[in-house]
Each structure stands twice: as C-alpha cells, then as structure tokens.
Amino acid sequence: MGLLSHRVERSEIKPGDHIYTWRAGYTYSHHGIYVGGSKVVHFTRKKEAGTAGLDSAIAVSSLLSQGPDECPTFPDCGFQRPDSGVVLTCLDCFLRGGALHRFEYGAPPAVFLAKLRGGTCTTARADGGPDAAVRRAMHLLQNGFGDYDVFENNCEDFALYCTTGLLPGAGDDGIGRSGQAASAVAVPLAALLSTPFKVLAAGPLGMAAITAGVYCAGRYITDIGVRKDVIKVEVENLAAHLGWRRAKAAEEAVKKQQHQPQPPPTPEKKASSRLLPLKRKREICV
C-alpha cells in the first residue's frame, strides 16, 4: 500500500478488480474493471468517429494519450455500443504504456487521510465480491452508464459503482463519487477556507498544515463510504434511476428559468400599445 497509490504487477490482478493507471504525468488517472482474459471494461465519452475506446477525462489529455485505432492483440478490443461510453479493451490498450495500480476498498480513515492524492482508495466496502463487479461491468457494456461528466459521472464513478453498487440519490445534484473530482474541488476550497486562519498560523509551515487539514477533511466528507446521500441501485434498475435523475434535473432547470424575472417592455412597445386604440377610434369615426 503506497503513499500515493497501490502499484501492482499484472500477475497480481484478478477478475473483478478495480484498476487504474496514471495519465499525463500523474495529472489524472483512468479507471476500469478488470474482467479477466487481459480485458478491461471502462467508461469514456460516447463513441465518435475514429475515437472508439479513447479515455477522456479532459479533451486535450485524451488527444495526447490516443493510441492506434486497431489493436493487434484482440480483434474485439475497442468494442463499444453506439450512444454509449462504456468500452471493452485489452489491458495493454487500457494502460497505454502506463503502470498498473489497484484501487483499495475498505480503507481505514487514517489510511484514507494519509493518501496524498484522491482517486486511489475509499472507505466504502465492495459489495457482492468480484463476480458482482464483473456482472455489473458487462451489463453496463451492453446498456451504457449515462452521459460522461468529468465531475459527476466519470470513469472512476463507473468503477466505484461496479464494485459497490452505490449511486447518489435522485435528489443529489452535486459532485459524483469520484475521489479525483473531490480532490479537484478540495484544493481551491482548502485554500479559500484556510485564508481566515492566517492570523493563527505560525508562519508558512503552520499555514500549510492548516490548508492540508482542510484539504483532507474535504476529501473525507465527500468519500462514497462516508456520504449519506448514496443509495444501493441494482444494475438492472440503473437505466430507470439515471433517467429519473435526468428528468428531475430538466424539471429543475425549467423551474429555475420560470422564476427568473422577465425584462420590462421597451418604451417603443409601450408607445405603440397606447396609440393603437386611438388609431382604431379614428377609423370608426370616419
């Protein structure tokens, strides 16, 4: 168990493992579920011409990490349903030359807080064992996992769901389950919230300690094993759950738009509305 992440050899992983690899010099990590036979199911953006199986946390990084269109090892590498972001690739294409890491579940709070980077472990425990993770991943390969979103529904969220079966409740409209997304939000938030403590901090080291504490606390309270807004959703009911969330979000957007104040009419419109009855009155008199 490393301080940054848990690196493993290929011989150590087994079907159902949540694995990941770092991209763009440890800028972000790409996650998936190892299903055996040197194959991985993972979540990307929906298929576009020439980009099947391309992982995409951000567009620029995706273009930089793009590999060959065809895999020389497996003929079905890159299998992806139309209008779906879930893809099956071989382990080599998933890693793209990067090192292999295994995500850790059931991490004690002290270990979780000691990790310097998010997206490497969670306090939540796996549900149903390796077979359940593979079953969920293969079901989603055929049925999709909704729309890809860097902060609310990304590759780490996909792997976390496959392993735990947990999703945010229908009323949740904030950050997803991803530890990477939580870290991305926690860094600026820690800097902002720690600013009032400058007076109490004993120099730069004290300020750094306060900022680090706020950062760790932000990561911990957004962890899927700690949050209270997550619910267990069976994979067969996932499409209905995601559809309900999308419908709810659309309804809230319409309500918000309706409550926005309407701009007052322009002076030209006011003048024309006053003159119209007079014009009609003259026509009647004639």
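How many of the six residues of strand 1 are buried? Six of the six residues of strand 1 are buried (under 20% relative accessible area, where exposed is over 50% and partly exposed lies in between, with a 1.4 Å probe and protein chains only), so strand 1 is largely enclosed by the rest of the structure. The model is predicted, and local features therefore need pLDDT of at least 70, while side-chain atom pairs count only at pLDDT 80 or more and totals for chains, interfaces and linings use all residues. Residues are numbered from 1 along each chain as its sequence is written, and side-chain values use heavy atoms, with hydrogens and water left out.

The protein chain has nine helices and eight strands, where helices (H or I, at least four residues) and strands (E, at least two) are DSSP runs numbered from the N terminus. Of the 286 residues in the protein chain, 41% are buried. The accessible surface of the chain, calculated by the Shrake-Rupley method with a 1.4 Å probe and, for residues, with only the protein chains shown as cover, comes to about 15800 Å², and 61% of this area belongs to carbon and sulfur atoms. Among the contacts (heavy atoms within 4.5 Å) with a separation of 6 or more, 68% are between residues 24 or more positions apart.

Six strands form an open sheet in the order 4-5-3-2-1-6, with antiparallel pairing, two strands being counted as paired if DSSP finds at least two bridges between them. Strand 4 (79-80) and strand 6 (101-102) are the edge strands, each of which pairs on one side only. Strand 1 is joined to strand 6 by two bridges in an antiparallel arrangement, and the bridge partner of tyrosine 20 in strand 6 is histidine 101. On strand 1, His18, Tyr20 and Trp22 point one way, whereas Ile19, Thr21 and Arg23 point the other way, and all are buried. In a regular strand the side chains alternate between the two faces of the sheet.

Strand 1 also runs antiparallel to strand 2, with six bridges joining the two; histidine 18 has isoleucine 33 of strand 2 as its bridge partner, and arginine 23 stands opposite tyrosine 28. These two strands form a hairpin with four residues between them, and in the turn alanine 24 has a positive phi of about 50°. Strand 2 is largely enclosed by the rest of the structure, because nine of its nine residues are buried.

Strand 2 (residues 28-36) and strand 3 (residues 39-43) likewise run antiparallel and are joined by four bridges. In strand 3, lysine 39 is the bridge partner of glycine 36, and histidine 42 is the bridge partner of glycine 32. The hairpin formed by strand 2 and strand 3 has two residues between the strands, and glycine 37 in the turn has a positive phi of about 65°.

Two helices are placed against this sheet. Helix 4 (residues 129-143) lies across strand 2, strand 3, strand 4 and strand 5 (86-90) and runs at about 105° to strand 2. Helix 5 (residues 155-164) packs on the sheet and touches strand 1 (18-23), strand 2, strand 3 and strand 5, its direction making about 35° with that of strand 2. For these angles, axes are lines fitted to C-alpha atoms, for helices over the stretch in contact, and the angles run from 0 to 180 degrees between N-to-C directions.

Within strand 5 lies leucine 88, which is buried with a relative accessible area of 9%. When residues up to four places away in sequence are not counted, leucine 88 touches Val35, Lys39, Val40, Val41, Asp76, Cys77, Gly78, Phe79 and Leu141. The C-alpha atoms of leucine 88 and phenylalanine 43 are separated by 9.0 Å, although the two residues are 45 residues apart along the chain.

The structure holds zero disulfides, a disulfide being a pair of cysteine sulfur atoms within 2.5 Å. The cysteine sulfur closest to that of cysteine 93 is in cysteine 90, at 3.5 Å, which is too far for a bond. Cysteine 93 counts as partly exposed because its relative accessibility is 22%, whereas cysteine 162 is buried, with a relative accessible area of 0%.
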